[in-house]
Amino acid sequence: MTDSSPQDWNIPAKEDSPHEGGFRADLKITTERGGPTYGEMIEQVRTFMDKVRYACPTHELADEVIDDLKKLNAKLDTMLVDEWTSPSGTRVDLPSRGNITLPPYEISAGGPDGVDATVIFRRFHLGGNGVAHGGHVAIAFDDLGGMAAALRIGGVSRTGYLTVNYRSLTPLETPLAVRTWVDRQEGRKLFIKGTIHDGDRLCADMDALFIALKPGQA
Ligand SMILES: CCCCCCCCCCCCCCCC(=O)SCCNC(=O)CCNC(=O)[C@H](O)C(C)(C)COP(=O)(O)OP(=O)(O)OC[C@H]1O[C@@H](n2cnc3c(N)ncnc32)[C@H](O)[C@@H]1OP(=O)(O)O
């Protein structure tokens, strides 16, 4: 088998976008891409990453795992698609829309006024001394802040700035309440706020600007 080279990832989109050269105009929402067990596949990968974070393999075991991973990567190589047709990020029936790169969250309510979700930072989100890495906290805010913006404008925006105040430690493997909402809107500018709580305790809050993209804008 061969390792993937960088060019392998430049997979052209199958369909033309109504936004030539830019972001896709429509936000795809799917529940079937990748099949009925796609969510379980993603969960197994997360579990694997949890174990990798804490494992100290012998040389022999590391070599075995490398061989197994090469086989798995070769299997997925036969199924690579462009970003617009990948299940990842579109599967609204799965935690974090099936996006392996995000901390898994589940949305309990979402609309033009904001989003309520429960996020669980996993063992592989460890920063140090048993709690979450601040960068992963920011990723949760970025995605759920972007979601609040998307649900307000019915389209795509990009983060202009995102400030996180880390108010107290953010635990791993604990369901945490996230709320993001549009504080105010000025034309294309959406000023988003957010909080993450562990019970009554505020772990972090966010102050961000998302800017709605113009047609054709990347
Ligand atoms: C069931 C539900 C299904 C939902 C369905 C799925 C939902 C799915 C959700 C996905 C959620 C993902 C969320 C991730 C979002 C990223 O992580 S995006 C990646 C990180 N961000 C970037 O890479 C952005 C890089 N920057 C850029 O591309 C450009 O600067 C931008 C943001 C497009 C803006 O450029 P532009 O269009 O030329 O606009 P520009 O005129 O510069 O600025 C517009 C206004 O914003 C102001 N502005 C711009 N930047 C700043 C700044 N940093 N600070 C202050 N003001 C600023 C300008 O001053 C200007 O203000 P006004 O003069 O109009 O008052």
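Start by selecting residues 129–201: what percentages of this stretch are helix and strand, and how far apart are its end C-alpha atoms? The chain there is 27% helix and 47% strand, with the end C-alpha atoms 19 Å apart. Keep in mind as you look around that this is a predicted model. The UniProt record, an unreviewed entry, places the feature "domain: Thioesterase" at residues 129–201.

Next, select strand S1 (residues 105–111) together with strand S2 (residues 114–119). These two form a hairpin with 2 residues between them, and they pair in the antiparallel sense over 6 bridges.

From S6, move on to strand S7 (residues 189–198). The two run antiparallel and are joined by 9 bridges, with valine 178 opposite isoleucine 196. Zoom in on the turn of this hairpin, where 2 residues lie between the strands and glycine 187 takes a positive phi near 60°.

Last stop: the ligand. Select its surroundings and you will find 18 residues, the closest being Gly146, Ala150, Arg158, Gly160 and Ile211. Helix H3 (134–153), strand S5 (157–166) and strand S8 (201–212) each give two or more residues to this shell, and the largest share, 5 residues, comes from H3. Colour the shell by class to see 8 nonpolar, 5 polar and 5 charged residues.

How values were computed: Residues are numbered from 1 along each chain as its sequence is written. This is a predicted model: local features need pLDDT of at least 70, side-chain atom pairs count only at pLDDT 80 or more; totals for chains, interfaces and linings use all residues. A residue is near a molecule or strand if its C-beta atom, placed from the backbone, lies within 6 Å of it. Helices (H or I, at least four residues) and strands (E, at least two) are DSSP runs, numbered from the N terminus. Ala, Val, Leu, Ile, Met, Phe, Trp, Tyr, Cys and Pro count as nonpolar, Asp, Glu, Lys and Arg as charged, and the others, Gly among them, as polar. Two strands pair if DSSP finds at least two bridges between them. UniProt positions are given in the numbering used here, feature names are shortened, and annotations may be inferred rather than shown by experiment.
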